[in-house]
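I opened this model to look up a few local features and write them down. The entries follow the order in which I checked them.

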Amino acid sequence: METASDYGAFTEKFTLPPNSAPALPLKSLTFAVKEIFDTEGYVTGFGNPDWARTHPVATSTAPTALALLRAGATCVGKTVMDEMAYSINGENIHYGTPRNPCAPDRVPGGSSSGSAVAVGAKLVDFSLGTDTGGSVRVPASYCGIFGFRPSHGAVSESGVIPMSQSFDTVGWFARDPMILSRVGGVILQLPDVAPPIRPTSIIIAEDCFQLSSTPFDVVTGTVIKAVEKLYGGDVLKPEILGDYVKTNVPSLKHFMSKDNTDQIYNIPSLAALSSAMRLLQRFEFKNNHGEWISAVKPDLGPGISERVSDALRTTGENIDICYSIKRELHDALSALLGDFGVLMIPTVPGPPPKLQTNTSDLEIFRARAFSLLSIAGVSGFCQVSIPLGMYNNLPLSISLVARHGADKFLLHLVESLYDSIEDRKQHIIEHKL
């Protein structure tokens, strides 16, 4: 239940004390964890009361959370999430919907909704979430904060309930890039020293920005100016990403469809990528949780229950093709970006939807969102969502994607760029439609 001061972000509050040694990297910082991480002595609720009722108290704490405690941070509680991590909206009928601190009449984004809200509302310095289909990137964008999805497999998922192992990652939120980077150093076990490396290219996926309802110049303007100031304009390169993916990911042809071409702007190859991602996600979710769902018949909220039913009906058909697509996209984007290139895309296709928007009205928005989110999701690359202030009184963000394993480079790049972006943010706030 929401209290006046906590924005409905928490399911349980407690204090896990930090390591108190001096000179620790996260000393005096506070954090919260999504209710998908095991915490010794507490039930890991997975966003659903029936799950909590049928699962025992955790006997150990997830290693990622332990690493943060050892680095000097204090954990202050568990946060609300979408049921079984199966939504990007952030609404939960059982525990309430955490209140978006940037836009109270809008959804906070899911499934790591409470973790994003706790950071956005300044209740904690940073927080842990998970990102399978977009569950860190989306709420970060909607709540006006930084969200980092690391390279797939770069962070231990031990002590974290699986959703779909081909895509599951442990991600984190922060309000400023320095804390984002410091937390990343601990979570990714990065060495302290390494100077920022100049990006070899910053590739603007021009077609992807046409999926966004926010004008191209508004989303990209401040970032492009910051890049030009720091690195010169020659690193900026336009690309029609959909065409590149279509040419270089041949297995996608199995998912290319004739549907939704005319009236809605659509990138067929990225829509196909999204279809493959969602199929494999359903298949793995069923393998992970199908038996429990069939036995317990949990009470699931609208939207979630339909997606879970679809997952339970999934067969193994075309699953091998999904794995081929993952490999082909990884190789294709590695060739496009090289070691230190970055892809610039919108995080989401527009501002956060209003609370309790009709599911059918959200379909086009969801389809566009997953076209964007599947780029890093299917390739396993790392992605950061960067807040750009407010536009028409709603939060605005942009994302950078770097190759698998380039997490440290991407965190350093955001730190370098953000100072220059901050100088120019007034441009967005003043130039409203």
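I began with burial in helix 5, where Pro177, Ile179, Leu180, Ser181, Val183, Gly184, Val186 and Ile187 are buried. The model is a predicted one. Helix 5 covers residues 177-187, and eight of its eleven residues are buried, so the rest of the structure largely encloses it. Buried here means under 20% relative accessible area.

Next I checked the ends of helix 5. At the N-terminal end I found a cap from aspartate 176, with a side-chain oxygen 2.8 Å from the backbone nitrogen of methionine 178. Just after the helix, I noted a positive phi of about 55° at glutamine 189.

I then looked up the annotation. An unreviewed UniProt entry places the feature "domain: Amidase" at residues 21-176. For residues 21-176 I noted 17% helix and 17% strand, with the end C-alpha atoms 24 Å apart.

My last entry concerns helix 9 (residues 268-296) and helix 10 (residues 304-312). How do their axes cross? I read a crossing at roughly 100°, with the axes coming within 8 Å. That angle falls in the 65 to 115 degree range, which means that helix 9 is roughly perpendicular to helix 10. From helix 9, Arg282, Phe285, Lys286, Gly290, Ile293 and Ser294 take part in the contact, and they meet Val308, Asp310, Ala311 and Leu312 of helix 10. I sorted the residues of this contact into five nonpolar, two polar and three charged.

Conventions. Residues are numbered from 1 along each chain as its sequence is written. This is a predicted model: local features need pLDDT of at least 70, side-chain atom pairs count only at pLDDT 80 or more; totals for chains, interfaces and linings use all residues. Side-chain values use heavy atoms; hydrogens and water are left out. Axes are lines fitted to C-alpha atoms, for helices over the stretch in contact, and angles run from 0 to 180 degrees between N-to-C directions. Helices (H or I, at least four residues) and strands (E, at least two) are DSSP runs, numbered from the N terminus. Angles under 35 degrees count as roughly parallel, over 145 as roughly antiparallel, 65 to 115 as roughly perpendicular and the rest as oblique. Contact means heavy atoms within 4.5 Å. Ala, Val, Leu, Ile, Met, Phe, Trp, Tyr, Cys and Pro count as nonpolar, Asp, Glu, Lys and Arg as charged, and the others, Gly among them, as polar. UniProt positions are given in the numbering used here, feature names are shortened, and annotations may be inferred rather than shown by experiment. Buried means under 20% relative accessible area, exposed over 50%, partly exposed in between (1.4 Å probe, protein chains only). A polar contact is a pair of N or O atoms within 3.5 Å; within protein, one must be able to donate a hydrogen and the other to accept it, and residues adjacent in sequence count only if both atoms are side-chain atoms.
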